[in-house]
Amino acid sequence: MKHTIEMMISEQEINKTLDQLAERINAHYADSERLLMVGLLKGSVVFMADLCRRIKGHVEIDFMSVSSYGNSTTSSRDVKVLKDVQSDISGRDVLIVEDLIDSGNTLNKVREMLLLREPKSLALCTLLDKPERREVDVHVDFIGITIPDEFIVGYGIDYAEQYRNLPYIAKVVPLD
Ligand code: PRP
Ligand code: MN
Ligand code: MG
C-alpha cells in the first residue's frame with residue numbers, strides 16, 4: 001500500500017507518559033521484592049527498554065512471543081505460544097508489558113495462560129490503548145495514552161515489520 005506517515009505522538013510526549021507510568025508502577029510495587037516484567041514480542045521491546053529503566057528496586061525482565069490467529073469454528077481468536085517466558089512465575093509479582101491493546105485478544109489469552117501458573121499477582125500495562133477496537137473485555141491496570149482507532153506505527157509498532165525503529169509514534173496515511 002502506498003502511504004506516508006505523520007507524527008502523532010512525539011518523543012517528548014512519550015517520555016512524559018513513561019515518567020508518569022513509572023511513577024504509578026513504582027508506587028504500586030513499592031513493597032514487591034522481585035518484580036518480573038514480561039514483554040510481548042516484538043512490539044513491546046522499545047517500550048520495555050525505556051520503561052524498565054525507570055523502575056526502582058529489584059526488577060527482572062522476560063519475554064514471550066505469541067501469535068494470534070482466527071478460529072473459524074468459534075469466530076474468536078486463538079493465541080499460540082511461539083516462545084514462552086524462561087522464568088518460573090509462580091508466587092511472583094508479574095507485570096505484562098504491551099505496546100498496544102486493540103481487540104484485547106492477545107492480552108486476554110496471555111493473562112489466562114499466566115494465571116494458571118499461580119503468580120502472586122498479575123497486572124497489565126500498555127503504552128497505548130485503542131478502546132474503540134475492543135472485542136474482549138480485559139482489565140488493564142496501567143494505561144499510558146488512550147488513542148482513537150487510527151493505523152499507527154513506530155516506537156516498536158510495525159506496519160509489515162517496518163517502522164519499529166521510529167523514535168516517535170506516527171499515523172499511517174494511505175496515498176492513492
Ligand atoms: C500487535 C501489538 C499487540 C497486539 C494487539 O502485535 O503489538 O501485541 O497486536 O492486538 P490485539 O489487542 O488485537 O490482540 P502483533 O500481533 O502485530 O505482533 P508484533 O508485536 O510482533 O508486531
Ligand atoms: Mn505485539
Ligand atoms: Mg505487529
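Good morning. The structure is a predicted model, in which local features need pLDDT of at least 70, side-chain atom pairs count only at pLDDT 80 or more, and totals for chains, interfaces and linings use all residues. Residues are numbered from 1 along each chain as its sequence is written, while chains are lettered from A and ligands numbered from 1 in the order in which they are written.

Let me begin with the overall fold. In sequence order the pattern reads β-α-β-α-β-β-β-α-β-β-β-β. The chain is as compact as a globular protein of its length, because its radius of gyration is 16 Å, close to the 16 Å that the globule rule gives for 176 residues. That radius is taken over C-alpha atoms, and the rule is 2.2 Å times the number of residues to the power 0.38. Along the principal axes, the C-alpha trace spans about 55 × 45 × 25 Å.

Of the 176 residues, 27% count as buried. A residue is buried if 20 or more other C-beta atoms lie within 10 Å of its own, exposed if 12 or fewer, and partly exposed in between, with C-beta atoms placed from the backbone. Among contacts with a separation of 6 or more, 65% join residues 24 or more positions apart; a contact means that the C-beta atoms of two residues, placed from the backbone, lie within 7 Å.

I turn now to the sheet. Three strands form an open sheet in the order S1-S9-S8, and the pairing is antiparallel. Two strands pair if DSSP finds at least two bridges between them. Strands S1 and S8 are the edges, each pairing on one side only. Strand S1, residues 3–9, pairs with S9 over six bridges. Within that pairing, His 3 stands opposite Pro 174, and Met 7 stands opposite Ala 170. Strand S8, residues 152–153, pairs with S9 over two bridges. Here Val 153 has Ala 170 as its bridge partner.

What does Leu 175 touch beyond the residues up to four places away in sequence? Its contacts are Lys 2, His 3 and Thr 4. Leu 175 is found in the segment after strand S9. Leu 175 and Thr 4 are 171 residues apart in sequence, yet their C-alpha atoms are 6.9 Å apart. Leu 175 counts as exposed, because it has 7 C-beta neighbours inside 10 Å.

Leaving aside neighbours within four places in sequence, Phe 47 is in contact with Val 97, Asp 99, Leu 127, Tyr 155 and Gly 156.

Which residues lie closest to ligand 1? They are Lys 42, Gly 43, Asp 102, Ser 103 and Thr 106, from a shell of 15 residues. A residue is near a molecule if its C-beta atom, placed from the backbone, lies within 6 Å of it. Strand S2 (35–41), strand S5 (93–101) and helix H3 (105–115) each supply at least two residues of this shell, and S5 gives the most, with four. The shell divides into four nonpolar, six polar and five charged residues. In this count Ala, Val, Leu, Ile, Met, Phe, Trp, Tyr, Cys and Pro are nonpolar, Asp, Glu, Lys and Arg are charged, and the others, Gly among them, are polar.

Lys 42 has a further feature. A cis peptide bond joins Leu 41 and Lys 42, with omega about -5°. Lys 42 itself lies in the loop between S2 and H2.

I close with two backbone details. Glu 118, in the loop between H3 and S6, has phi near 55°, a positive value in a residue other than glycine. Tyr 163, in the loop between S8 and S9, likewise has a positive phi, near 80°. Glu 118 counts as exposed, with 11 C-beta neighbours inside 10 Å, whereas Tyr 163 is partly exposed, with 18 other C-beta atoms within 10 Å.
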